[in-house]
Amino acid sequence: SDYGMFGNECSLSTEEVIKVIGFKINKLIASICENNEVSQFSAKVELPLNFPGLYKVVADKTPYISIEEIARKVSIGPTRFGHPCFYSAKDIKLSNFTVKRGEQITFNSVEEIHGTMAVNCVVVRNNQSHSFVLPLSQEGEFYECQDDQIYTLKEIAEWKIPKCRNRIVKLSNTLPLCDSSNPLPENFDGCLILMPVYEVQAVMKFRKDIVHILSDLDVEVKDVTDCYDTSSFLQPLSLEDIFERTSKEFPMVAEIMEGPSGSQNPYNLLSTGKEIVIYKKYQAARVLASEMRSDSSKKRYLIPMSYKGKFKRRPREFPTAYDLEIARSEKEHLHVVATKAFTSPHKELFSVSVGDQFLVQQRQTSEVLYEGRKILIDVLACEQILSDSYKKVLLPMYMEGGFVEVIHDKKQYHLSEICKEFHLPFNVKVSVRDLSIEKDVLAAAPGLQFEEEITDSYLLISSASSPVESWEIPVYRLNMLVHLLSKGVQTAELPVTRTTVEEVSEEEYYMLRRYENLTLHPPPRPPKKPT
């Protein structure tokens, strides 16, 4: 039979041998959920994996009867998504450790240990981690723990839907949905039951690309694994698979079986059939930046430390006195203008008028009279700038006002200098573009806010046919499959590494901020007004 998918037409003839290399969720069928069941008034809607929004996963109440069932149905792997958590309904007594009933068990990896397949696990007890292994043969009653993380639909499809089960998710309001093409009810913020629709990923003997076969294709097949030499088929590897290889295995030559989408370098060079050299794997620093725009067309970027352009400072805005305290530095006095009036409830503290100018000094405590008694509160010591003098004033740290920075510094900075000398977030504009980049997208931005410095995983690659320059490609944001070639790497020297400013989507931006900062290190809250 013939079939076409994504414009990739393929013919499956009688006695054709295909090697199945994986199963992948192609799309999701969603129904509105009430009391963990499909609502009788709910119509089923089809959601593509790139459907916008962030979601929380609702813990599955159906138990697993063994560790083997968990390992078979749940994604367990080396990435940050692949560490599911379960608890046992009863104590599990091991040779040197007892896992208590109800205690959260994190599953980290599956491997063969002394000839027995087992799962490497961790429990945290009294702030101490205890590592142990559970054999796949371990039986019991295991329940999924509640997960407080937020995910995109694509992440849920890849990591959070167990095989042969549906998944209930709750919509988070973190990311707005597009009203024009939104199949969900207006202002919907409830739960959805997601039913996956799978596709089969396969390789064929005389094709070098991946064949995608929808799971509902009406064709009869027979398992011939035990009587066929499967070594004649290509072995596709994802960028995550390559990154898991030991450093000693690099450099390596690979042919692209399925390239990524994208028109900017180097993604336009990574087309199917091209041969590349993968030199090494490593962690690299990036600065996450957003355009300073008020409209919805704001773009986000990951800027490498190798960026050769220069930046001039732009005024920052501060909503509270607490933000002034965070932003101040020993290097220079922070000079601000008030954009919003504030009347102090305490006579000991200063009331602010629009247009007042201040030099920020330091945080301290001050005694104020509150309901007839004296209390200590946090305040920010400042100098008010008058026409011919300075006046020492105290602002309550909880003050909700508005301030704009006054810039006196005309110096031009490299990216690394800004990260070293100033606290992020930090506002800038490109003053000298990076001439090594054919089209410096940052130079066209009206202004940029450097939000935070992050670390991510990269592979260094070049074209195998003309290795005159190399590129860093992100491991976890680039969907690409390759197969390794037995060729040796011809070039002795590493080609010049080209700087790439990576534009990230809004969902990728929220993911980066979520993992790097928000859930791991929640920002301290400003002091509250005395009550």
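This is a predicted model: local features need pLDDT of at least 70, side-chain atom pairs count only at pLDDT 80 or more; totals for chains, interfaces and linings use all residues.
I take buried to mean under 20% relative accessible area and exposed to mean over 50%.

**Entry: strand β15.** I looked up the burial of residues 167–172, which form strand β15, and noted that five of the six are buried, so the strand is largely enclosed by the rest of the structure. I then asked which strands pair with β15. One of them is strand β6 (residues 54–57), which pairs with β15 in the antiparallel sense over four bridges, and there I followed K56 to its bridge partner in β15, K170. Another is strand β16 (residues 191–204), which also pairs with β15 in the antiparallel sense over four bridges, and in this pairing I found L192 of β16 as the bridge partner of V169.

**Entry: the chain as a whole.** I counted six helices and 34 strands in the protein chain, and I noted that 45% of its 531 residues count as buried. For contacts between residues at least 6 apart in sequence, I recorded that 67% join residues at least 24 apart.

**Entry: cis peptide bonds.** I checked omega and noted a cis peptide bond joining F250 and P251, with a value of about -5°; P251 sits in the loop between α3 (239–243) and β19 (252–258). I noted a further cis peptide bond joining L424 and P425, with omega about 5°, and P425 sits in the loop between α5 (415–421) and β29 (426–432).

**Entry: positive phi.** I looked at H114, which has a positive phi of about 55° although it is not a glycine, and located it in the loop between β11 (105–113) and β12 (116–125). Is H114 buried or exposed? Its relative accessible area is 82%, which is over 50%, so I class H114 as exposed. I also looked at C164, a residue other than glycine whose phi is positive, near 70°, and found it in the loop between α2 (153–160) and β15. At 73% relative accessibility, C164 counts as exposed, whereas five of the six residues of β15 are buried.

Note on methods. Residues are numbered from 1 along each chain as its sequence is written. Side-chain values use heavy atoms; hydrogens and water are left out. Buried means under 20% relative accessible area, exposed over 50%, partly exposed in between (1.4 Å probe, protein chains only). Helices (H or I, at least four residues) and strands (E, at least two) are DSSP runs, numbered from the N terminus. Two strands pair if DSSP finds at least two bridges between them. Contact means heavy atoms within 4.5 Å.
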